[in-house]
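Open the model in your viewer and keep the selection tool ready. Each stop below says what to select and what is there.

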Amino acid sequence: MKDSEIKTPAYVCEEAKVRKNLELLKYVKDESKAEILVALKGFAFSGVMGLVSKYLDGATCSGLHEAKFAAKHLNGEVCTYSPAYKDDEIDEVLEISSHVIFNSFNQWEKFKEKALKSGVSCGLRVNPEISVSPVEAYNPCGRFSRLGITKANFRPDLLDGIKGLHFHALCEESAQSLELVLAEFEKKFGEFIPQMEWINFGGGHHITKEGYDVNLLIKLIKNFREKYGVKVFLEPGEAVGWQTGYLVGSVLDIVKNEKNIAILDVSAEAHMPDTVLMPYRPAVRGESKNGKFEYLFGGSTCLAGDIVGLEAGDSVYKFDSELKIGDRVIFEDQIHYTIVKNTTFNGVKLPDLVLLKENGETVMVREFGFDEFERRN
């Protein structure tokens, strides 16, 4: 299948760019001796999970279904954490997982006997009560957070059987941010680290972004390991899928209401949800800062606010050439935190999943249609 033959809408993941990210992550892994797990909540493109398995140590999962996905599509560790486990799912979670992390002492006491009998390595998520997340919705350590145990609620008397501690306080952040969080984690929970076999530094490490201080990250991990004699885990999601592909759509119509509005077969609300929640304005291939032709890009849903870039306050796209009905529009960097969060709102079609292989071949990984909408309604 040629690139021009890809039926829209479709997410196109570029294998060569995934490998480039993985090579950097493997360098961090080799130099620091940390174990690195892909966070499926941020990147779960099944077509490259075999490649991921060649570089990383497994996956971190947010519950039963992600754990099952990891067991099916990857090799290595399956580290599962959930804010709360269901009674009818915990047995399968324990069967699939190598590590299970509990969010509270209530959950730990409830499932302790089963967990220890299963042989998994058990951990607790703690809240260091510090975060540098850019948006409150993505702040796991904000006020009233349900995620992790605060120092005030920590129960050292209930640590029997616990092998590790986990914290997660970052969102697309730097090594300098990790350094701040790590200092606070040690200040609050350092006395318990010598009792542990492993410490999980969570996700949100923007390791593959240009300018990230990889050497500082390696230094932090090595110093921590040497100080405490524990294994260290990292759980990057966006760092694996960062700038590894795009979402391609087609112009279905162009209407005018003061401005030119191109109606696409892709939706900000359904297919690029973080552009609304973060919010941010995704780059479009071929846009021109000084272009004479201006357009708003709207989805084919009936939601009035389904305009790309609207919430970010910069929704106009400029081009040197006039757009026409049938033209393709490519939104860059739409592989991480899009596929995993998209919806069939308003009955819109989920974009297909396409892999652009390193040899130039284009392969259909997953094709979606009416069934996805019908099954959930």
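A disulfide is counted here as a pair of cysteine sulfur atoms within 2.5 Å. By this rule the model has zero disulfides. Before the first stop, note that this is a predicted model, in which local features need pLDDT of at least 70, side-chain atom pairs count only at pLDDT 80 or more, and totals for chains, interfaces and linings use all residues. Residues are numbered from 1 along each chain as its sequence is written, and side-chain values use heavy atoms, with hydrogens and water left out.

Select Cys141 and Cys171. The sulfur of Cys141 lies 12 Å from the closest cysteine sulfur, that of Cys171, which is too far for a bond. Cys171 is likewise in no disulfide. Cys141 counts as buried because its relative accessibility is 9%, and Cys171 is buried at 14%. Buried means under 20% relative accessible area, exposed over 50%, and partly exposed in between, with a 1.4 Å probe and protein chains only.

Next, select residues 214-228, which form helix α7. Helices (H or I, at least four residues) and strands (E, at least two) are DSSP runs, numbered from the N terminus. Helix α7 has 15 residues and spans 22 Å from its first C-alpha to its last, close to the 21 Å expected at 1.5 Å a residue; that expected span is 1.5 Å times one less than the number of residues. Colour its buried residues, among them Leu217, Ile221 and Phe224. The buried residues of α7 pack against α1 (15-32), α6 (175-189), β9 (198-200) and β10 (231-234). After α7 comes Gly229, with a positive phi near 70 degrees.

Move to Lys188, which sits in helix α6. Is Lys188 buried or exposed? Lys188 counts as buried, because its relative accessibility is 17%. Not counting residues up to four places away in sequence, Lys188 touches Pro128, Glu129 and Lys151; contact means heavy atoms within 4.5 Å.

For the last stop, select Phe297 and Phe331. Of the 97 residues in the largest nonpolar core, these two touch the most other members. Helix α7 gives this core its largest share, eight residues. A nonpolar core is a set of buried Ala, Val, Leu, Ile, Met, Phe, Trp, Tyr and Cys residues joined through side-chain atoms within 4.5 Å. Leaving aside neighbours within four places in sequence, the contacts of Phe297 include Leu264, Asp306, Tyr317 and Phe331.
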